[in-house]
Amino acid sequence: MDINNPLYKGQGLHVLTALFTVDDGKFKVLLLKRKNQPFKDKWTLVGGACYNNETLEDAMNREMNEKVGLKGIDFKLFNVYSDINRSPVMRMVAIAYIAVIDSKKFKFLKETSKAQDADWFLIDRVPPLGYDHDKILQDAIDFLREKIFDGDILRNLFPEYFTLPELYNAYCSILNRAIDRRNFRKKLLNSNLIEDTGKIQLQPGKKSAKLYRFTKDIKKIII
């Protein structure tokens, strides 16, 4: 490696996260409106440049806190984007993560020194995004749909206790397709994925519903 080779110069790293939630059965992504150039006033995924003294994970945690005031998010690496012209400033390779949270547990800041606004957007109501974030977001959605029944991603989407209708609505929203309700219930209960807590959710004017939780031994289930 010749460190003086000019082809090594002027390169950087972006760290980005497609942060998802399910709110009242609706699949949403958190976006921020940029305060600075490039792409000032455009909506983007949460992220920014990685400093030379940071790991990728440290950079993503810092950016999440600086841009929208969130901490303690569990990220999962899902892709790398290296198009030479993806940033108008300089060559920037993007390291893209995915994360899912219960939006009732995490409260973000609407405005920070780095962002003029932030909000949850329905997946089918996302405005045109800056950089190449439209593609990255679609890739992240596809990735999540592949992995939604695998591992601890599920835990992060829901409160500790939930009803089967809430779980059903979330799956349908994320997958963007209907699932047979009886088959869904049967497979979930036979899979050791969830367990009955013995608790009941009282709903005024509605039939009470059993509350479930995820078991400690989550395994993959195909619906």
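Where is aspartate 41 found? Aspartate 41 sits in the loop between β2 and β3. This is a predicted model.

- Most residues other than glycine have a negative phi, and most peptide bonds are trans.
- Aspartate 41 has a phi near 75°. That is a positive value, in a residue other than glycine.
- Proline 38 also has its place in the loop between β2 and β3. Strand β3 covers residues 43-44.
- The peptide bond from glutamine 37 to proline 38 is cis. Its omega is near -5°.

**Glycine 25**

- Look for glycine 25 in the loop between β1 and β2.
- How many residues apart in sequence are glycine 25 and glutamate 166? They are 141 residues apart in sequence. In space, C-alpha to C-alpha, they are 6.6 Å apart.
- Set aside the neighbours within four places in sequence, and glycine 25 is in contact with Asn169 and Ser173.

**Helices α4 and α5**

- Helix α4 spans residues 164-175, and helix α5 spans residues 181-190.
- The two helices pack at an angle of about 110°. Their axes are 11 Å apart.
- Angles of 65 to 115 degrees count as roughly perpendicular, so α4 is roughly perpendicular to α5.
- The crossing of α4 past α5 is right-handed.
- On the α4 side, the contact is made by Leu164, Leu167, Tyr168, Asn169 and Tyr171. On the α5 side, Arg181, Phe184, Arg185 and Leu188 take part.
- By type, the residues of this contact of α4 with α5 are six nonpolar, one polar and two charged.
- Asn169 belongs to the α4 side of this contact, and Asn169 is also in contact with glycine 25.

**The largest pocket**

- Rolling a probe the size of a water molecule over the atoms shows where empty space is left.
- The largest pocket has a volume of about 370 Å³.
- Which elements give two or more residues to the lining of the largest pocket? They are β1 (11-23), β2 (26-34), β4 (46-49) and α1 (56-68).
- The lining of the largest pocket has 24 residues. Nearest the centre lie His14, Arg34, Gly48, Ala49 and Tyr131.
- The lining residues of the largest pocket divide into ten nonpolar, eight polar and six charged.

Methods. Residues numbered from 1 in each chain as written. Predicted model: local features only at pLDDT ≥ 70, side-chain atom pairs only at ≥ 80, totals over all residues. Heavy atoms only, no water. 1 Å grid on protein atoms, 1.4 Å probe; cavity = no way out; pocket = protein on both sides within 12 Å on 5 of 7 lines; lining within 4 Å. Points joined across faces, edges and corners; volume = space filled by probe spheres on them. Helix = DSSP H or I, 4+ residues; strand = E, 2+ residues; numbered from the N terminus. Nonpolar A, V, L, I, M, F, W, Y, C, P; charged D, E, K, R; others polar. Axes fitted to C-alpha atoms, helices over the stretch in contact; angles between N-to-C directions. Parallel < 35°, antiparallel > 145°, perpendicular 65-115°, else oblique. Left-handed = near helix turned anticlockwise from the far one by under 90°. Contact = heavy atoms within 4.5 Å.
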